[in-house]
Amino acid sequence: MTHSHLSPRRERWLLLTIAGIQFTHILDFMIMMPLGPQFTRLFGITDAQFGLLVSAYTLSAGISGLAAATYVDRFDRKRLLLTLYVLFALATLACGLAPGYGFLMVARVAAGMFGGVLSALSQTIVADVVPFERRGRAMGIVMSSFSFSTVAGVPIGLFLASHLSWQAPFIGIAALSGVLALGAALTLPKLNQHLLAKDRPSIWRGIGMVLSERNHQRAFAFSALLMFTGFTIIPFITIYMETNVGVRSDQVPYIYLCGGAATLVTARVFGRLADRMGKVRLFRWLALAVTVPIMAVTLMPTLPLWAVLAASTVLFVLLSGRMIPGMALVTGAATPALRGTFMALNASVQSAAMGLASFLGGLIISRDAGGLVQHYWVAGLLGVCASLAAVLMSRRLTLHGTPKAAG
């Protein structure tokens with residue numbers, strides 16, 4: 001499917017449908033992090049064990065992405081998307097029915113297995129349908145699902161968790177996924193143009209071609225650094241805010257509400273800016289700017305709520321903002337004929353980077369005798385180094401598309 005096959009209206013509906021699917025996938029992952037204090041208390045686990053629970057999802061997604069590279073370009077993208085989405089909904093439902101830590105761990109692995117491929121497939125569809133010069137705007141629409149999940153999904157999920165049980169958010173996500181799957185089945189067009197290409201390489205030859213290309217290798221490194229930057233600190237924000245900064249558990253939803261509301265607006269703005277001023281240039285500025293709130297949040301002392309919200313909101317805006325030109329660069333670096341395989345492998349790289357960052361963050365932080373979190377700033381410094389490395393790597397990518405539009 002190329003962009004010439006869709007009218008502007010159909011393209012818009014496709015992007016909104018993909019955004020809805022991404023919303024549930026992202027929310028399923030994000031809702032774990034603010035529930036960290038509940039899990040450590042209810043299950044009697046350490047911060048490192050909670051970090052492993054977060055990592056299990058992302059590492060599973062990474063492994064499944066490797067497997068997906070063998071089949072993602074062999075099926076109609078619509079049919080594959082719907083199949084994976086239904087399986088993801090069932091795995092999320094299993095999370096909501098988990099009786100304890102062990103069962104929940106297994107269910108999170110299953111959810112990650114399907115969710116990680118969903119993310120790669122969604123990005124592949126956007127890259128197939130939307131030309132590079134307009135892809136920044138398209139990524140802004142799709143990635144606004146991240147903002148909407150924080151502004152609406154996470155606060156509602158936390159409300160359900162506090163008034164019903166921690167299982168309630170997962171059951172709600174599974175139910176919403178069922179509704180969206182039905183809508184996607186009715187609205188998405190056939191996405192099988194890639195199957196009509198002549199002289200398509202065999203599965204393993206295609207994987208070999210993707211992995212052997214130097215530009216793809218640089219894109220994978222860049223993509224890993226993108227994810228590593230935030231996930232050294234994101235899983236532990238709620239724990240740190242409640243223990244060290246003095247934020248009450250009933251105030252935590254405001255962090256996500258304010259951050260999500262701001263990014264809901266700025267995502268579209270950054271998408272348009274990426275197309276106008278160049279994706280490399282915008283990414284460079286945002287990746288440098290995000291280092292300031294990373295260190296501000298990880299070194300934050302006890303502060304009034306308004307100051308906490310100001311710092312955390314800037315962090316959310318810049319972390320999500322740099323992903324818009326960043327992912328446009330990643331999709332642009334892929335050879336078009338091998339894009340599905342590339343994006344499946346890229347999902348593995350991203351998931352592995354998130355899992356490794358979460359795991360390292362859990363190992364770095366510790367508790368003192370009073371229960372306060374220690375060394376969180378070291379995890380933040382690790383994220384800063386990753387962001388600076390991503391800036392350097394972004395300049396080395398060769399992009400398929402208009403050089404002027406690439407930035």
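Trainee: How many helices and strands does the secondary structure of the chain come to?

Mentor: The chain has 17 helices and 2 strands. Helices (H or I, at least four residues) and strands (E, at least two) are DSSP runs, numbered from the N terminus. This is a predicted model, where local features need pLDDT of at least 70 and side-chain atom pairs count only at pLDDT 80 or more, while totals for chains, interfaces and linings use all residues. Residues are numbered from 1 along each chain as its sequence is written, and side-chain values use heavy atoms, with hydrogens and water left out.

Trainee: What share of the chain counts as buried?

Mentor: Of the 407 residues, 60% count as buried. Buried means under 20% relative accessible area, exposed over 50%, and partly exposed in between (1.4 Å probe, protein chains only).

Trainee: And the contacts, what percentage join residues at least 24 apart?

Mentor: 86%, among contacts between residues at least 6 apart in sequence. Contact means heavy atoms within 4.5 Å.

Trainee: Which residues have the most contacts inside the largest nonpolar core?

Mentor: Phe39, Phe222 and Met241, in a core of 117 residues. H14 gives the most to this core, with 14 residues. A nonpolar core here is a set of buried Ala, Val, Leu, Ile, Met, Phe, Trp, Tyr and Cys residues joined through side-chain atoms within 4.5 Å.

Trainee: What does Phe222 touch?

Mentor: Not counting residues up to four places away in sequence, Phe222 touches Phe283, Gly326, Leu329, Val330, Ala390, Met393, Ser394 and Leu397.

Trainee: Back to H14. Where does Gly321 sit, and is Gly321 buried or exposed?

Mentor: Gly321 lies in H14, which covers residues 305-333. Gly321 counts as buried because its relative accessibility is 1%. Beyond four places in sequence, Gly321 touches Phe270 and Leu286.

Trainee: What about Ala311, which residues does it touch?

Mentor: Ala311, in helix H14 as well, touches Pro293, Val297 and Met300, leaving out residues up to four places away. At 19% relative accessibility, Ala311 counts as buried. Its C-alpha atom is 6.3 Å from that of Pro293, 18 residues away along the chain.

Trainee: Why is H9 called largely enclosed?

Mentor: Because 13 of the 18 residues of H9 are buried. Beyond four places in sequence, Asn215 is in contact with Ala333, Arg396, Leu397 and Thr398.

Trainee: New topic: which residue has a positive phi although it is not a glycine?

Mentor: His375, at about 70°. Most residues other than glycine have a negative phi. His375 is in the loop between strand S2 (373-374) and helix H16 (376-394), and is partly exposed with a relative accessible area of 40%.
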